[in-house]
Amino acid sequence: MLAHVVQAGWCHPHDLHAELRAARLLRRPAVRAAAEELLAGVRSVAEARARDALTASDLPAPLWNARLHTPDGAFLATPDAYWPEAGVALEIDSAEYHYTRDAWQATLRRRLRLEAHGVLVVSATPSMIRDTPHDVLAALRALLALATARPAPPTARARGHRQLTLFPGPG
């Protein structure tokens, strides 16, 4: 529910965190955990699971939901996770949001734009993240290794993105 408020654009994660703090709701572990995920840039349960799997791995931390732009400033995409130094993205696509005909085509167009700008994309479903995270991590590890051997960096840039910091104390 908290992620939906942020995803819908009704509230910035810092503002939501301040409201939860003022209401003393950050004392509840589940609310505090969800608020921390939102501040880290995570916007869904599947992204939170992916973040947990990545945190437990030896892979570097990505930017979550960074807005990518071409060098001339045109908007490119907002992948779920992005490693800017390597030009690697993780896209988590669920049937609920991505498998109508129009949504699937929009997903494929976004992938084409990313790949046309040198971004290597790992695609996964929420169930893959939940049930076989090691497979997703292995694919990410392979693309991150492949990216280090590329002669030129990708042309996508994460502009104006910074990870949000957590306010001290549970509230």
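Modeller: The model is predicted; its chain has a mean pLDDT of 79, with 68% of the residues at 70 or more. Over residues 164–171 the pLDDT stays under 50, although the model has 23 contacts beyond four places in sequence for them. Where pLDDT is low, the predicted coordinates should not be read in detail.

The count of salt bridges comes to six. A network of such bridges links Glu91, Asp93, Arg110 and Arg111. Within that group, Asp93 and Arg111 meet at 2.3 Å, N to O. Asp93 is in the loop between strand S5 (88–92) and helix H5 (95–98), whereas Arg111 belongs to helix H6 (residues 101–116), so their bridge ties together parts that are 18 residues apart in sequence. Asp93 counts as buried because its relative accessibility is 4%, under the 20% limit. Arg111 is buried as well, at 9%.

A further salt bridge joins Asp58 to Arg141, with 2.5 Å between the closest N and O atoms. This pair links distant parts of the chain, 83 residues apart: Asp58 sits in the loop between helix H4 (45–55) and strand S1 (63–64), and Arg141 in helix H8 (residues 133–148). Here Asp58 is exposed, with 61% relative accessibility, while Arg141 is partly exposed at 35%.

Finally, Arg130 forms a salt bridge with Asp131, the closest N and O atoms lying 2.8 Å apart. Arg130 is partly exposed, with a relative accessible area of 45%, and Asp131 is likewise partly exposed, at 48%.

Note on methods:
Residues numbered from 1 in each chain as written. Predicted model: local features only at pLDDT ≥ 70, side-chain atom pairs only at ≥ 80, totals over all residues. Heavy atoms only, no water. pLDDT = per-residue confidence, 0-100. Contact = heavy atoms within 4.5 Å. Salt bridge = Lys/Arg side-chain N within 4 Å of Asp/Glu carboxyl O. Helix = DSSP H or I, 4+ residues; strand = E, 2+ residues; numbered from the N terminus. Buried < 20%, exposed > 50% of the residue type's maximum accessible area, 1.4 Å probe, protein only.
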